[in-house]
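Me: I would like to go through this model and ask what the terms used for it rest on. Please give the cut-offs as we go.

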Amino acid sequence: MTVDHRAPPPPSGPVPWNKEFALKLLADMVRIRRMEEKSAELYGAGKIRGFLHLYIGEEATAVGALHALNAEDNVVATYREHGHALVRGMSMKAIMAEMFGKQEGCARGRGGSMHLFDAKTRLFGGNAIVGGGLPLATGLGLAAKMQDERRITACFFGDGAVAEGAFHESLNLAALWQLPVLFCCENNLFGMGTAIERAESQTDLCVKAASYNMPAIRVDGMDIVAVHETTQQAVQRVHAGEGPIFVEYQTYRFRAHSMFDAELYRQKAEVEEWKARGPIHTYTARLKAAGTLTEDEFLAIDVAADAEVAAAVAFAEAGSWEPVEDMLGDVMSPAGSAP
Amino acid sequence: MSRKLSYREAMREAMHEALSNDPRVFLMGEDVGRYGGTYAFSKGFLDEFGPERIRDTPLSELGFVGAGIGAALGGLRPIVEVMTVNFSLLALDQIVNSAALYRHMSGGQFSVPLVIRMTTGAGRQLAAQHSHSLEGWYAHIPGIKVLAPATIEDARGMLAPALADPDPVVIFEHAGLFNVEDELGDDWDVDIASAKVRRSGKDVAIITYGGSLPKALAAAETLAADGIEAEVLDLRVLRPLDNAAIAAVIAKCHRAVVVDENWKSGGMAAEVVARIMEQAFFELDAPVARVCSEEVPIPYAKHLEEAALPQPEKIVKAVKEMLG
């Protein structure tokens, strides 16, 4: 099966939101972009190590989708999750310190870039096993349903995860038991360096999801308006007890898979074409065209994001290393603690 | 007052009690509901507790074990029954990469209070794919506790503390024990931390667990007839190992044979022997011996299967060779 990698026309059209909300979403995309750019720089400087997977280019998906959730909802994410953590409400300082490996990080520096966790905002990781989060999300949905809690679980994963057994087992269970889970597939056309048509016999991912007897919706992941509106409708249906829903966000990462990737597997022209429909500048243009955003307001958002990044980096720099003698702590719970 | 109970009945009672006492507890796995449990451990539960809490799953070990982890993170206390250790290999990613790691990797934010039960062991002519003993693999992993109830008391008593534990607990139940009966008193409070001496002796320590315990006790009886008094230590908890109990039997007997159904290479017995060397080397009067499974896929034919597994005769032979 062939897949057209060429980018569709850039997102356009009116933005149906009030100014405050419209600019909030813009600001969140810019915050992610600036944080990620700085992270790449810090990786080069040796401050951040290990694997680092940047979300640059895909911002509209996390921002649009996560703003459709409620505070009590659960989020399960992948190893490309800095943006999700930030939008969900984790402080950039805690994220940056974690990537530095400092104990002021959200996971005390034990997890790093791929394992951001936050009990307060109900972010259950940061999972670096492709597909590993899907069964967990299914179980979180089961717990909510069995305890009559009004919360859904949004589970983010990439197109690569669709080839894993965990995807199929989880969608089957969630649909069989009618669990309140929103399966959010971020289809960026590549599982690391393998293009989707080289990995999937059926490249229409909605067909796969629909085969598990759940609604499957495809949306332009570069269009934050479409992402948010579509996700919001899906969230409402899941909240209403209609069972799980699958949403495929068609997106594209502008940077390499990780910092070790020479990008031998895709054409520069293809990347440039997708960049032309980048989620931030196309959205900015739409807001300006509608008179919702001035250049000064955009600059203010950008300056604020830069300041937040600078403060986060300073915080991480000033952070401390967990003492080695504490290393074994939390392998198991402290003796005598109740679950 | 004591009463006679089978291992199966003891385990069933333990689950019944847990389901009755805590609404957060539920049982999930293949054929736990309408079928009544592959080994009839949950017979009648579906009618009593309903399909929400006695949850039949499709054949999706990775999916439903992972769902058990998620349910535990979400506030429930799942008992996930994986039919046998053989099929748990399909779920290993979720157990090793999620359940075991989450607390540490999240900086202490997320514990996984999950109990996974599975049948283990050979001895019923089920051939190579249904006869594994991989406790040693699981005991290798930091972040989980590994239990091996071998007695009626432990079958009845270990589940409650396992469910009360904030961390993931894997329980191995040897299929050869299910029909074993024994007297059970009124008090079955047991810990999930210590090994226990099941037979007292002074000449040699036989260190074992699970399905090999009855074989070790039978060997000890045979040896007693020849005037050799064997002490039998039931490890009970395979992770974390009770180092002090292991050192104590060595200090007492100065000789040891370690018995289990794992293959020798990298198996549970290998770890026990290493602990003995580290802690009690100068107490030893002879090299420690192992009686484990032969390094072969467990064969179907009865005579071959028996030859491949630890047997009381092999234990007796190992002890006698050691004592010269």
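This is a predicted model: local features need pLDDT of at least 70, side-chain atom pairs count only at pLDDT 80 or more; totals for chains, interfaces and linings use all residues.

Me: How do you know whether chain A agrees with a compact globule?

Reply: The radius of gyration is taken over C-alpha atoms, and the globule rule is 2.2 Å times the number of residues to the power 0.38. For 339 residues the rule gives a value near 20 Å; chain A has 20 Å, and therefore agrees. Its C-alpha atoms fill a box of roughly 55 × 50 × 45 Å along the principal axes.

Me: What makes a residue buried or exposed, and which residues of α10(A) are buried?

Reply: Buried means that 20 or more other C-beta atoms lie within 10 Å of the residue's own; exposed means 12 or fewer, partly exposed is in between, and C-beta atoms are placed from the backbone. By that count, 54% of the 339 residues in chain A are buried. In helix α10 (residues 279-289) of chain A, the buried residues are A:Pro279, A:Ile280, A:Tyr283, A:Arg286 and A:Leu287. They cover an arc of only 130 degrees around the axis, so they lie on the same side of α10(A); the arc is that of the directions from the helix axis to the C-beta atoms.

Me: What do the buried residues of α10(A) pack against?

Reply: They pack against α1 (19-44), α2 (59-66) and α8 (224-239) of chain A. A contact requires C-beta atoms, placed from the backbone, within 7 Å.

Me: Why are β2 and β7 of chain A said to stand at the edges?

Reply: Strands pair if DSSP finds at least two bridges between them. In chain A, 6 strands form an open sheet with parallel pairing, in the order β2-β1-β3-β4-β8-β7. β2 (123-126) and β7 (216-220) of chain A each have a single partner strand, so one side of each is left without a neighbour in the sheet.

Me: How do you know that β3 and β4 of chain A pair?

Reply: There are 6 bridges between β3 (residues 153-158) and β4 (residues 181-187) of chain A, in the parallel sense. The definition asks for at least two. A:Phe156 has A:Cys184 as its bridge partner in β4(A).

Me: How many residues does each chain give to the contact?

Reply: Chain A gives 36 residues and chain B gives 37. On the side of chain A that touches chain B, β2, α5 and α6 (165-176) of chain A each give two or more residues. α5(A) gives the most, with 10 residues.

Me: How do you know what confidence the predictor has in chain B?

Reply: pLDDT is the predictor's confidence in each residue, from 0 to 100. Chain B averages 97, and 100% of the residues score at least 70. The model scores ipTM 0.95 and pTM 0.96.

Me: What is the strand order in the open sheet of 7 strands in chain B?

Reply: The order is β3-β2-β4-β5-β7-β6-β12 (chain B), with mixed pairing. Strands β5 (residues 115-120) and β7 (residues 169-174) of chain B run parallel and are joined by 6 bridges.

How values were computed:
Residues are numbered from 1 along each chain as its sequence is written. Chains are lettered from A and ligands numbered from 1 in the order in which they are written. Helices (H or I, at least four residues) and strands (E, at least two) are DSSP runs, numbered from the N terminus. Two residues are in contact if their C-beta atoms, placed from the backbone, lie within 7 Å.
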